[in-house]
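Hi there,

Here is the structure I promised to pass on. Have a look at it first, then read my notes below.

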Amino acid sequence: MYVRDAKNREEVWLLDHIEAMGLDETAFRSRDYVVAVDEASGEKAGFGRIRIHKTDGTASANADSDRAGGRADDVCELTSIGVPEGWREQGVGAHVVERLVEYAGDEGFDTVYALTGEGAYLAQFGFERVEESELPAVLRDRLEDKRDGVDPDAVPLTIDVDRFRMPDRLREAFKRAPEGREDVSNDESAEDFGIDTESATYKYDTGR
């Protein structure tokens, strides 16, 4: 099992799972995501995203951009972490979170924020609750939007990148994954690429 950057052709898979899990797809772009993959079968086991918010109040869809060209007080948000049923309780989500926090550090961020109702899950890595009044303005607006939409129980959390910790039990679980799963096929179909086989049209308008 390993975690890598998402590929453009995985856009449909990501959108399908984001929708099925009721996650946030605001300003979606596949390149903003990482994906956990089982190297034996090639099956995708989880995903997540880092979203960079500009201090002028806009959110950048381009998390690959060189931050040296941005403002030093831009804001980094961890969001849209998902693990399909069957891959849960095996450390997959934990390693997606770890990779994204590492990515944030690589981009020059000292702090990562999360706005989620799953605060207890993130707390095990060192995320801590923060008062809403202490949030950057762009995240106060974002928190309100999330509560009105996909995550009514969302609360603000934050972590210093260098204080992230991975519990040993999750590290070991990830090394052993997958456990108790039957062999799966990694044969890719037209559906995986967004093609409706009955009408030969695209399920999603990707603008390309």
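**The largest pocket**

The largest pocket holds about 820 Å³ of space. A pocket here is an open set of points on a 1 Å grid over the protein atoms alone, where a 1.4 Å probe fits, with protein on both sides within 12 Å along at least five of seven lines; lining residues have an atom within 4 Å of a point. The volume is the space filled by probe spheres set on the points, which are joined across faces, edges and corners.

Before going on: this is a predicted model, where local features need pLDDT of at least 70 and side-chain atom pairs count only at pLDDT 80 or more, while totals for chains, interfaces and linings use all residues. Residues are numbered from 1 along each chain as its sequence is written, and side-chain values use heavy atoms, leaving out hydrogens and water.

Back to the pocket: 31 residues line it, and Leu23, Ile81, Gly82, Glu118 and Tyr121 are the closest to its centre. Strand E5 (75–82) gives the most to the lining, with five residues. Helices (H or I, at least four residues) and strands (E, at least two) are DSSP runs, numbered from the N terminus.

**The cores**

The largest nonpolar core has 34 residues, and Ile50, Leu78, Val112, Phe125 and Phe127 have the most contacts inside it. Such a core is a set of buried (under 20% relative accessible area, 1.4 Å probe, protein chains only) Ala, Val, Leu, Ile, Met, Phe, Trp, Tyr and Cys residues joined through side-chain atoms within 4.5 Å. Contact means heavy atoms within 4.5 Å. H2 gives the most to this core, with eight residues.

Cheers

Notes:
Buried means under 20% relative accessible area, exposed over 50%, partly exposed in between (1.4 Å probe, protein chains only).
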